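Here's a walk through the contacts in this model, from the chain interface down to single side chains. Have the structure open and follow along.

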4 protein chains.
Amino acid sequence: MAGNSFGKIFKLTTFGESHGAAIGGIIDGCPAGLSLDFKAINAEMQRRKPGQSSIVTQRKEEDEVKFLSGIFEGKTTGTPIGFLIENTDQKSKDYSHIKDIYRPSHADYTYDKKYGIRDYRGGGRSSARETACWVVAGAIAKQLLQNPPAGRTGIKITAYVSSVGEMELKKNYSEVDFSEIEKNPVRCPDAKMASKMEDYIKSIRKEGDTVGGTVTCVIQNVPIGLGEPVFDKLHAELGKAMLSINAVKGFEYGSGFAGTIMKGSEHNDIFKEDGSTKTNHSGGIQGGISNGEDIYFKVAFKPVATIMQKQETIDSKGNKAEAEGKGRHDPCVVPRAVPIVEAMTVLVLADFWLLNKVTKL
Amino acid sequence: MAGNSFGKIFKLTTFGESHGAAIGGIIDGCPAGLSLDFKAINAEMQRRKPGQSSIVTQRKEEDEVKFLSGIFEGKTTGTPIGFLIENTDQKSKDYSHIKDIYRPSHADYTYDKKYGIRDYRGGGRSSARETACWVVAGAIAKQLLQNPPAGRTGIKITAYVSSVGEMELKKNYSEVDFSEIEKNPVRCPDAKMASKMEDYIKSIRKEGDTVGGTVTCVIQNVPIGLGEPVFDKLHAELGKAMLSINAVKGFEYGSGFAGTIMKGSEHNDIFKEDGSTKTNHSGGIQGGISNGEDIYFKVAFKPVATIMQKQETIDSKGNKAEAEGKGRHDPCVVPRAVPIVEAMTVLVLADFWLLNKVTKL
Amino acid sequence: MAGNSFGKIFKLTTFGESHGAAIGGIIDGCPAGLSLDFKAINAEMQRRKPGQSSIVTQRKEEDEVKFLSGIFEGKTTGTPIGFLIENTDQKSKDYSHIKDIYRPSHADYTYDKKYGIRDYRGGGRSSARETACWVVAGAIAKQLLQNPPAGRTGIKITAYVSSVGEMELKKNYSEVDFSEIEKNPVRCPDAKMASKMEDYIKSIRKEGDTVGGTVTCVIQNVPIGLGEPVFDKLHAELGKAMLSINAVKGFEYGSGFAGTIMKGSEHNDIFKEDGSTKTNHSGGIQGGISNGEDIYFKVAFKPVATIMQKQETIDSKGNKAEAEGKGRHDPCVVPRAVPIVEAMTVLVLADFWLLNKVTKL
Amino acid sequence: MAGNSFGKIFKLTTFGESHGAAIGGIIDGCPAGLSLDFKAINAEMQRRKPGQSSIVTQRKEEDEVKFLSGIFEGKTTGTPIGFLIENTDQKSKDYSHIKDIYRPSHADYTYDKKYGIRDYRGGGRSSARETACWVVAGAIAKQLLQNPPAGRTGIKITAYVSSVGEMELKKNYSEVDFSEIEKNPVRCPDAKMASKMEDYIKSIRKEGDTVGGTVTCVIQNVPIGLGEPVFDKLHAELGKAMLSINAVKGFEYGSGFAGTIMKGSEHNDIFKEDGSTKTNHSGGIQGGISNGEDIYFKVAFKPVATIMQKQETIDSKGNKAEAEGKGRHDPCVVPRAVPIVEAMTVLVLADFWLLNKVTKL
C-alpha cells in the first residue's frame with residue numbers, strides 16, 4: 001500500500017534512508033532450490049556503485065550486501081531473503097544548512113507536505129541509494145531466469161545508453177555490439193559515440209551542471225506468454241518499473257512515439273509460418289503478452305536536479321533562500337542507470353514468469 | 001494476480017468478452033455516502049461509445065450500464081458496486097472465418113499460446129469494449145474527487161487529442177481552450193487543426209487503413225501529497241494506467257523525452273514563496289508525489305491493427321492464411337480514447353487520494 | 001481492502017445485497033482449460049438453497065447462476081468468470097417497519113455506525129444470501145481440485161453436522177459413514193442422531209426460537225505441501241474462511257481445544273516409515289503445511305439472531321422499540337451451512353494448490 | 001503471497017531463521033508523526049524473551065531490536081521501518097544429529113517436502129523466535145492505537161493465561177484483576193490458580209514432558225466500526241492472526257463453542273438506549289464489525305512438540321530413527337504466548353483502524 005514493495009509472487013520490499021544505519025530489503029517468493037552465484041550478485045553491485053569512473057559521482061560506497069536469511073548452503077530455501085547494505089559513507093556531517101531548505105526539483109517540499117516530517121540528511125528515502133537494493137533483488141531474479149527451465153536458452157537482458165543530451169546513438173539495437181557496452185564508462189555500445197558523450201559529460205560537469213539522456217533495454221529469448229492481459233500487461237508493468245526509477249520522465253516500447261505517425265498497414269507485424277514476425281513494431285508484446293520476439297524499450301531520464309550552481313529557492317517557512325549542491329553528484333545519471341534499468345526489468349519478468357505457471361492446467 | 005483488478009483501495013475488477021452475454025465489473029472501496037449523478041455517468045459512457053461521429057466505428061452499442069448493488073436511494077453504501085453492460089450488438093454471427101486465423105498485431109496468437117484456448121469471437125477479452133467498464137468506474141471516481149473535501153476546488157481532469165499521424169497540435173496545454181475539445185469529433189481543442197485531422201482520418205478510412213496519434217491529459221487543482229514515493233510513484237501508476245489502454249506504446253509526463261536534452265540548470269523548477277514553481281518541467285510531480293502544480297502527460301497510440309485490407313498471415317497450425325478486417329472499426333483510435341484516458345487517470349487519483357488519508361497522524 | 005475478495009491466485013470478489021436486483025461475483029485466476037460440469041455446480045447450489053426441507057427456511061429462491069464470461073465451449077479460458085444470481089424472491093415489500101430498528105445481534109447497528117448509511121431491506125450486504133456466490137466459486141474450485149493433477153486421487157472435502165444445541169454426535173469422523181450425510185435433512189451422518197436433531201429443531205421452531213450447532217469438515221487425499229508457513233498457514237486461512245461465514249463463533253482443527261489438556265508425549269504424532277503418522281492430533285497440518293494426513297476441523301455456529309418472538313430493542317435515534325422476526329427464517333443454521341463450509345474450504349485449498357506451483361524450482 | 005507479510009495498510013513483513021545471523025522485518029504503512037517510546041517497545045520484548053522465569057526455557061536471548069530506518073528524531077516518518085534482532089545465541093553447534101531426522105509433530109517433514117530443502121539448524125523459519133518480530137511491530141501498533149485520536153480513551157489490549165492443561169481459571173474476564181497478570185510467572189490473573197499452574201508446569205518439566213493451555217484476550221475501549229464485513233470480518237482476521245501463532249489449535253470469540261448450545265432468545269444481546277448491550281455474547285463484534293462492547297476471545301495452544309524424552313521417528317530416507325529434545329525448551333508455551341497474542345491482536349486492530357478512515361465520506 002505504502003509503495004515500498006514491488007512484484008506479486010517474486011516480491012521485493014525495501015527500507016532505508018541514504019544516511020541511516022543501513023538500507024536493505026526482503027525478497028519474498030523466490031522459489032526454493034536456486035543455487036546462488038554470489039560473485040555475479042556482487043558484479044551487478046559493482047556496476048551500479050558510485051565512483052566507478054571519472055564521469056560519475058566520486059562518492060565512495062562499498063555497497064557490500066549481507067544476506068541474513070533464506071539461503072542455506074548456497075541455495076535459496078523458499079523462505080524470505082533478508083539483506084542489508086550498510087551506509088558506510090554515512091558521516092556525522094552537519095546537515096543544518098539544508099535542514100529547512102527545499103532544493104529545486106527535489107522531493108524535499110513534497111515529502112514535507114505529505115508526511116509533515118522529513119529525514120533531511122541526504123535525500124532521505126528519496127535518495128537513489130535505494131536502487132542498490134533493487135540491484136540485489138534483480139541479480140537474484142536474473143539467476144532465476146537464466147536457469148534452464150525459465151527460457152529456451154535463458155532470458156537475456158541488456159541495457160545501454162542510447163543518448164546523452166542531444167548526442168544520440170542513431171542505431172537500432174540490432175545494429176550494435178552489446179559486448180562494447182561495458183568497455184567505456186558511458187555504457188554506450190559505440191566507441192566513437194561513447195567518447196563524444198564522455199567528453200560532453202565532462203564539460204557539463206565543469207560547468208557545475210547536469211544533463212539528461214536515454215537508456216535502451218532489450219530482452220532476448222523471452223518465453224511466449226508472459227504478462228497478464230488487461231491491467232497488468234507486460235509493457236504496463238515494465239513502464240511502471242521504469243517510471244519508479246528516480247529521474248525517469250518517459251517510457252516507450254516497440255515503435256513507441258514514432259509509431260503514432262505510422263499507418264496500420266505499415267505497423268502491423270506479419271507472421272511467418274513459425275509464429276515469429278517479419279517486423280517487430282510490436283516490441284515483442286501483443287495484447288500485453290510476450291510473443292517470443294525481442295522486447296525493446298527506451299527510458300527517458302531528466303538531468304539530475306542537484307547542480308553545483310547557486311539556485312534561488314525557499315525554506316520551509318516560505319522565506320527566500322539559496323541552494324547549492326555540495327559534494328559528489330553525478331553530472332549525468334544514465335551510465336549508472338543502466339544496471340538499474342536491467343534490475344527493474346528482470347524483477348518484472350521473474351514475477352510474470354512465476355505467475356505464468358498457474359495460467360493453465 | 002491475473003490482471004483484472006486496478007487500484008488498491010478504490011478498486012475496479014472487471015470481467016467480460018466482447019461477444020459474451022455482458023461485460024461488467026465490481027467497484028470496491030468507494031466510500032459510503034457519495035451521492036451519484038447518474039446522468040453524468042451516462043454522459044461519460046456516451047463520450048466513449050462507438051458510432052458517435054463519422055470518423056469512428058459505426059458499430060451501434062448502447063452501452064447502458066445497470067447498477068446491481070452498493071447504491072441505495074442514490075447514494076453509495078460502502079459495499080461493492082456491481083454493474084453490467086449487456087452486449088446488445090452481440091450477434092449469432094459466423095466467426096468460423098477467423099476461428100483459426102491469427103490476425104497480425106492482434107492478441108490472437110499470444111492468447112492461444114498463453115492459455116491454450118481462446119474465445120475467438122470478436123476480440124474476446126482483449127477487445128477495447130472492456131474500456132466501457134473503466135469509464136463507468138472512472139465516472140464514479142470523478143464524482144468522488146469533485147466532492148468538496150477532495151480538492152481545493154475539485155480535481156479537474158481534461159484529455160484531448162494532440163496529434164493524429166504527423167498532424168500535431170504544437171501548442172502547450174496552457175495555450176488551448178479546453179471548451180473547444182468536445183466541439184469537434186476529433187476532440188482536438190483547436191478548430192483548424194481538428195478539421196485537418198478529421199479530413200485526414202477520413203482519407204485514411206477510405207484507404208481501408210488506420211493511423212495512430214497522441215492524447216494529452218492535464219490534471220488541475222491537485223492536492224499536494226498524492227503518490228507513494230518509491231515503487232508506487234504517482235507518475236508510475238499513471239504510466240501503468242495509460243499503458244493498460246489498448247494500442248498505447250508510450251507515456252511521458254512533464255518535460256518527458258524532450259527533458260533528456262535539457263541541462264539541470266534549465267530543467268529545475270524554481271520555487272516561488274508560496275511553494276508553487278516558476279516553471280513546471282516536473283509536470284506537477286516531484287519524488288513521485290504531487291506538488292500542487294498542474295500534472296500533464298502525453299500518451300502514444302499506435303494505429304489500430306484491424307485494417308480493411310488483405311494481409312498475409314498464418315492459422316493456428318502454422319499454415320499461410322489471409323486476414324482482412326470486416327465490419328466497423330475505428331480508422332483512428334485517439335478521439336474515442338480521450339474519455340478512456342480520463343477514466344484511467346481519475347482511477348489512479350481516487351486511489352491515491354484515499355490512500356493519502358492514512359499517511360500521517 | 002474492503003473485504004469483498006477472498007483468495008490470492010484463485011480469487012473470488014463478490015457484490016450484492018439480499019434485496020437488490022442481483023448478487024454475483026467474479027472468479028479471477030481460475031486456470032484455463034478446465035472443463036466445467038454445470039450440473040455439478042447446480043447440485044451444490046441446490047444443497048445450499050432455502051426451502052429444501054421442513055427444518056429450514058421456507059423461502060423460495062431458485063438461485064440460478066448465470067455465467068457471463070470466462071467460459072467458452074464449456075471450458076474455462078483463463079479470463080475472469082463473471083456470474084450473476086438474480087434475486088427472484090425480491091418483493092416490493094414494505095420494509096418501513098424495520099427501516100429504523102436495530103435488530104438485536106444483527107449487523108444493523110454496526111453498519112449504520114460504520115458507513116452512516118444502510119440498505120435496510122432484508123439483511124442488505126450482511127445477508128447470508130451472499131454465501132450463494134461462495135458456493136458457485138467453491139463448486140468450480142472443487143472441479144479444479146478433483147482434476148487428476150491436483151491430488152493423488154483427487155482432493156475430497158466432506159462436511160457434516162456434528163451437533164445441534166446439546167445434541168452432539170460423539171463419534172470421530174473416521175467412525176461415521178459419509179454416504180449417510182445427504183440422506184437426512186439435518187446432514188448428520190448418523191440416522192438415529194439425525195432423527196433426534198430433526199425433532200429438536202422442529203420443537204425449537206415451534207417456540208419461535210433458534211439454536212446453534214457445529215459442523216465438522218474433513219479433507220482427504222490432500223497433497224503434501226499446501227499452506228504458506230508463517231502468516232498464511234493452511235489452518236490459519238481455513239480458520240479465517242470459516243470465521244467469514246455468518247454466525248460462526250469458533251474454529252478448531254486437529255486436537256483443537258481438547259489438545260490443550262494433553263501432554264506432548266501423548267499429542268506428538270509418531271511417523272511411520274512411509275512418512276504417514278500413527279496418530280493425527282496435528283489434524284493433517286504441521287508448521288502450517290499439509291502433511292498428507294486427513295485434515296479435519298470443527299466450526300461453531302451460534303443460534304440465528306432472527307427469532308419469531310418479540311424482543312425489546314432501540315431505533316436509530318436511541319428510542320426504545322420492539323423487534324419481531326417475520327417471514328421465513330432458519331430455526332437452525334447448521335444443515336444449510338454444510339455446503340457453505342465445504343465451499344469456503346475448497347476455495348482455500350484451490351488457492352494454496354495453485355500457489356504451491358511456484359514454491360520450488 | 002509466500003506468507004511472510006501481515007496486514008494491508010499497517011503491514012509487517014518478516015524474515016529470518018532461528019540460527020541465521022539475524023531475524024528482522026519491515027513495518028510499512030505506519031503513519032508519519034508518531035512519537036515512539038522505545039522503552040515501551042523494549043518492555044514488550046522483555047515480556048516475550050526466553051529465560052524470564054524458572055518455568056520457561058532458560059535460553060538466553062537478548063532480543064535487542066535495532067531500528068534501521070523510518071524513524072527520525074524519535075518520530076516515525078511515514079517511510080518503512082526496517083529493524084533487526086541479531087541471533088546472539090546462535091552457536092556454531094553441531095546440528096548433524098538432527099540434520100536428517102524428522103522430529104515428531106514439528107515442521108521438519110513438511111518443509112522438506114514442500115521446499116525440497118530445509119535449514120535444519122534449530123527450527124529454521126518455523127522457529128517461534130520469529131514471534132520476536134511480531135512483538136516489535138505490535139509494540140509500535142500499540143502506541144499508534146493509544147494515541148488520542150485512535151480510541152475514546154485509547155484501545156486497551158490485555159491477554160492472560162486462562163488454563164494450563166486441565167487447570168482452568170473458571171472466571172469471566174470481567175471478574176479478574178488484570179493488574180495481577182504480570183505478578184506471577186504464569187501470567188494468570190489469579191494468584192492461587194497461578195501458583196497451582198506453576199507447580200504443575202514444574203512437575204511436567206521434571207517428567208521431560210510438555211503441556212498445552214489457553215490464553216484469553218480482551219480488547220477494551222474499541223471504537224465502533226472496525227472490521228470489513230464480508231471476508232475480512234474483524235473476528236475472522238483475529239482468528240487468522242491467532243492461528244498464525246505456533247502451536248495454536250483453536251480460536252473462539254464471544255460465546256464461542258458454548259454459544260452453540262444456546263437458543264437465540266438467550267444469546268441475542270439486547271440494546272440499551274445508548275446503543276450498548278445488556279449482555280455481550282456477541283463478543284463485541286456484530287456482522288464482522290466492532291460494536292463498541294469489549295471484544296474477548298480464547299486461543300487454544302497444544303503442548304510443545306519438543307519433549308525431553310526419546311521418541312521413535314524416521315529420517316529423511318524413511319529409516320527408523322530416534323529423536324530426543326536437547327537444550328532449553330518451554331515445558332508450557334502459554335506464559336510466553338501472552339505478549340505474542342497481544343501483539344498479533346494489536347496488528348489486526350491497527351490495520352482496521354487505518355482502513356476505517358476511508359470507509360465513508
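This is a predicted model: local features need pLDDT of at least 70, side-chain atom pairs count only at pLDDT 80 or more; totals for chains, interfaces and linings use all residues.

Three residues stand out on the chain A side: Lys114(A), Phe231(A) and Lys249(A) supply 11% of the area that chain A buries against chain B, more than any other three residues. In terms of contacts, 110 residues of chain A touch 110 residues of chain B.

What about the polar side of things? Between chain A and chain B there are 10 salt bridges. One to look at is Glu228(A) with Lys114(B), whose side chains meet at 3.2 Å, N to O. Sort the residues on the side of chain A that touches chain B and you get 40 nonpolar, 43 polar and 27 charged. There are also 51 residue pairs in polar contact across the interface of chain A and chain B, counting pairs with both residues at pLDDT 80 or more.

The two chains share some strand pairing as well. Strand β12 (residues 248-253) of chain A runs antiparallel to strand β12 (residues 248-253) of chain B, over 3 bridges. Within that pairing, Gly250(A) has Glu252(B) as its bridge partner.

## Helix α3 of chain A

Is helix α3 of chain A mostly covered or mostly open? It's mostly covered: of the 8 residues in α3(A) (108-115), 6 are buried. Those are Asp108(A), Tyr109(A), Thr110(A), Tyr111(A), Lys114(A) and Tyr115(A). Lys114(A) is also one of the three residues named above for their share of the area buried against chain B.

The cover comes from both chains. From chain A, β8 (101-102) packs against the buried residues of the helix, and from chain B, β13 (285-286) and β14 (289-290) do too. Just past the end of α3(A), Gly116(A) takes a positive phi of about 75°.

## The β8-β16-β17 sheet

That β8 strand also belongs to a sheet. In chain A, 3 strands form an open, antiparallel sheet in the order β8-β16-β17. β8(A) and β17(A) (320-324) are the edge strands, each with a single partner, so one side of each has no neighbour in the sheet.

β8(A) pairs with β16(A) (residues 310-315) over 2 bridges, in the antiparallel sense. Tyr102(A) finds its bridge partner in Ile314(A) of β16(A).

## Salt bridges inside the chains

Over all chains, the count comes to 100 salt bridges. In chain A, the side chains of Arg125(A) and Glu130(A) meet at 2.7 Å, N to O. Both ends of this one are covered: Arg125(A) is buried at 4% relative accessible area, and Glu130(A) is buried at 4% too.

Lys142(A) and Glu342(A) make another salt bridge, with the closest N and O atoms 3.0 Å apart. This pair ties together distant parts of the chain, Lys142(A) sitting in helix α4 (residues 131-146) and Glu342(A) in helix α8 (residues 334-355), 200 residues apart. Lys142(A) and Glu342(A) are both buried.

Over in chain C, Asp190(C) forms a salt bridge with Lys171(C), the closest N and O atoms being 2.8 Å apart. Both residues lie in the loop between β10 (167-168) and α5 (191-206) of chain C, 19 residues apart. Asp190(C) is buried, with a relative accessible area of 16%, while Lys171(C) counts as partly exposed at 39%. Back in chain A, salt bridges that share partners join Glu44(A), Arg47(A), Lys142(A), Glu182(A), Arg187(A) and Glu342(A) into one network.

## A buried arginine in chain D

Where does Arg125(D) sit? You'll find Arg125(D) in the loop between α3 (108-115) and α4 (131-146) of chain D. Its relative accessibility is 4%, so Arg125(D) counts as buried.

Leaving aside neighbours within four places in sequence, the contacts of Arg125(D) include Thr79(A) and Pro80(A) from chain A, Val230(C) from chain C, and Tyr111(D) and Glu130(D) from chain D. The C-alpha atoms of Arg125(D) and Glu17(D) are 4.4 Å apart, although 108 residues separate them along the chain. The side chain of Arg125(D) makes a 2.8 Å polar contact with that of Thr14(D), and the Arg125(D) side chain also reaches the backbone oxygen of Gly16(D) at 3.1 Å.

How values were computed: Residues are numbered from 1 along each chain as its sequence is written. Chains are lettered from A and ligands numbered from 1 in the order in which they are written. Side-chain values use heavy atoms; hydrogens and water are left out. Buried means under 20% relative accessible area, exposed over 50%, partly exposed in between (1.4 Å probe, protein chains only). Helices (H or I, at least four residues) and strands (E, at least two) are DSSP runs, numbered from the N terminus. Contact means heavy atoms within 4.5 Å. Buried area is the accessible area (1.4 Å probe) that two parts lose on being put together, summed over both. A salt bridge is a side-chain nitrogen of Lys or Arg within 4 Å of a carboxyl oxygen of Asp or Glu. A polar contact is a pair of N or O atoms within 3.5 Å; within protein, one must be able to donate a hydrogen and the other to accept it, and residues adjacent in sequence count only if both atoms are side-chain atoms. Ala, Val, Leu, Ile, Met, Phe, Trp, Tyr, Cys and Pro count as nonpolar, Asp, Glu, Lys and Arg as charged, and the others, Gly among them, as polar. Two strands pair if DSSP finds at least two bridges between them.
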